[in-house]
Structures are given as structure tokens and as C-alpha cells.
Amino acid sequence: MKLSLLPILEGLSGRLWKLVLCIEKKSGLVGLVCMLNQNNHEFGSITKNLSSIYHIANEGYVEDLSNYADRFNLSLENIGRGMQAYTCITQMMYALRDTHPSVNLKTLTIEQIMTEELPVRSIKEAIDNQLLPVVSRYQELNVIIK
């Protein structure tokens, strides 16, 4: 590990493998930060695009995602934090990428989902195509993303 002294003995900073360590004497803060790489940027781009799809999707689809998350959480015992609507869409889209390698999650749009008839147009369709685990009364979750 290579350490360097910060100006006027304010703290220490250094690197160990791909981690950055910083200790500030005045406030006593200790920071350990991972250096960004290409994987981080790709993951960030996918997350940003999935977030925009989630926020653009119609209200009924987001409500179905919330209902799915609630039903999924009720089917599990002794869980800490349950699944949320955004977690559902993220899990569903990554499963879509695994089953349809031509899908690029960085550039996926709602229009592409509709024109290519991808199996995430509704939650029911995603469950039928095994992109999400089955929950009770999933047949009711049939609002199209539009």
C-alpha cells in the first residue's frame, strides 16, 4: 500500500489494489472508495436507462409492479427488506437480457418493447415467460406498459 501525507498534516491518503483510502485528521473521517472502471460505467448506464423506463411507464403498469412486489413479499417468510416495484422491473429486465441476448439494456425503450413484442409488456407475460417468479393471482397483472 502506498501512502502519502496530505498538506500540513491534515490526514493520509493512499491506494491498495483498486481501493482508495483517505483519513482526515480534523474530522476523523475515514473513507474507502473503489476506483471506477468500465464495468461501473456500463452498470450506471443500464441503471439510468431502466430508471427512465420505470418513470415513463404508464401508471397502471407501475401499479402492477407494486402489486407484484407486495404479493412476492407476502409469499416469503422472515425477510428483512422486501422487494420494491423498481427492483421488480430491474430483475425482470436483466432476466430478459439473459433470455434475449440481442436486447441492449443501455438503449432499450418502451417503443422497442412494444414493436419487438418482448415478453415484458405486462407482468403476467413476464411471469408466463419465467422472467419473474410466480406469485398468487398473477393473471390479474396484465396492464400493458405503453
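This report walks through the fold, the aromatic pairs and a helix contact in a predicted model.

**The chain as a whole**

Let us start with the overall layout. The chain contains 5 helices and 4 strands. Following the sequence, the elements come in the order β-β-β-β-α-α-α-α-α. Of the 146 residues in the chain, 32% are buried. Looking at contacts between residues at least 6 apart in sequence, 44% join residues at least 24 apart.

**Aromatic pairs**

A pair of aromatic rings is described by the distance of the centres and the angle of the planes. Searching the whole structure turns up 2 aromatic pairs. What kind of pair do Tyr54 and Tyr86 make? Their ring centres are 5.6 Å apart and their planes stand at 85 degrees, so this is an edge-to-face pair. The angle qualifies because planes over 60 degrees apart count as edge-to-face. Tyr54 belongs to helix α1 (residues 38-56) and Tyr86 to helix α3 (residues 85-99), so the pair ties together parts that are 32 residues apart in sequence. Tyr54 is buried at a relative accessible area of 17%, whereas Tyr86, at 28%, counts as partly exposed.

The other pair joins Tyr68 and Phe72, whose rings are stacked, with 6.1 Å from centre to centre and 20 degrees between the planes. Are Tyr68 and Phe72 buried or exposed? Both are buried.

Here are the two pairs side by side.

| Pair | Centre to centre | Angle between planes | Arrangement |
|---|---|---|---|
| Tyr54 and Tyr86 | 5.6 Å | 85 degrees | edge-to-face |
| Tyr68 and Phe72 | 6.1 Å | 20 degrees | stacked |

**Where α1 meets α3**

The pair of Tyr54 and Tyr86 leads us to the helices that carry these residues. How do α1 and α3 lie relative to each other? Their axes come within 10 Å and cross at roughly 120 degrees, and the two helices are therefore oblique to each other. The crossing of α1 past α3 is right-handed.

On the α1 side, the contact is made by Phe43, Ile46, Thr47, Leu50, Ser51, Ile53 and Tyr54. Facing them from α3 are Ala85, Tyr86, Ile89, Thr90, Met93, Tyr94 and Arg97. By residue type, this contact divides into 10 nonpolar, 3 polar and 1 charged.

**A closer look at Leu50**

Leu50, in helix α1, is worth a stop on the tour. Its relative accessible area is 1%, so Leu50 is buried. Setting aside residues up to four places away in sequence, Leu50 touches Tyr86, Thr90, Met93 and Tyr94. Leu50 and Lys106 are 56 residues apart in sequence, and their C-alpha atoms are 7.9 Å apart in space.

**Glu125 in α5**

Our last stop is Glu125, found in helix α5 (residues 123-128). Is this glutamate buried or exposed? Glu125 has a relative accessibility of 18% and counts as buried, because the cut-off for buried is under 20%. Leaving out residues up to four places away in sequence, Glu125 touches Glu117, Leu118 and Pro119.

Terms used:
Residues numbered from 1 in each chain as written. Predicted model: local features only at pLDDT ≥ 70, side-chain atom pairs only at ≥ 80, totals over all residues. Heavy atoms only, no water. Phe/Tyr/Trp six-rings, centres within 6.5 Å; stacked < 30°, edge-to-face > 60°. Buried < 20%, exposed > 50% of the residue type's maximum accessible area, 1.4 Å probe, protein only. Axes fitted to C-alpha atoms, helices over the stretch in contact; angles between N-to-C directions. Parallel < 35°, antiparallel > 145°, perpendicular 65-115°, else oblique. Left-handed = near helix turned anticlockwise from the far one by under 90°. Contact = heavy atoms within 4.5 Å. Nonpolar A, V, L, I, M, F, W, Y, C, P; charged D, E, K, R; others polar.
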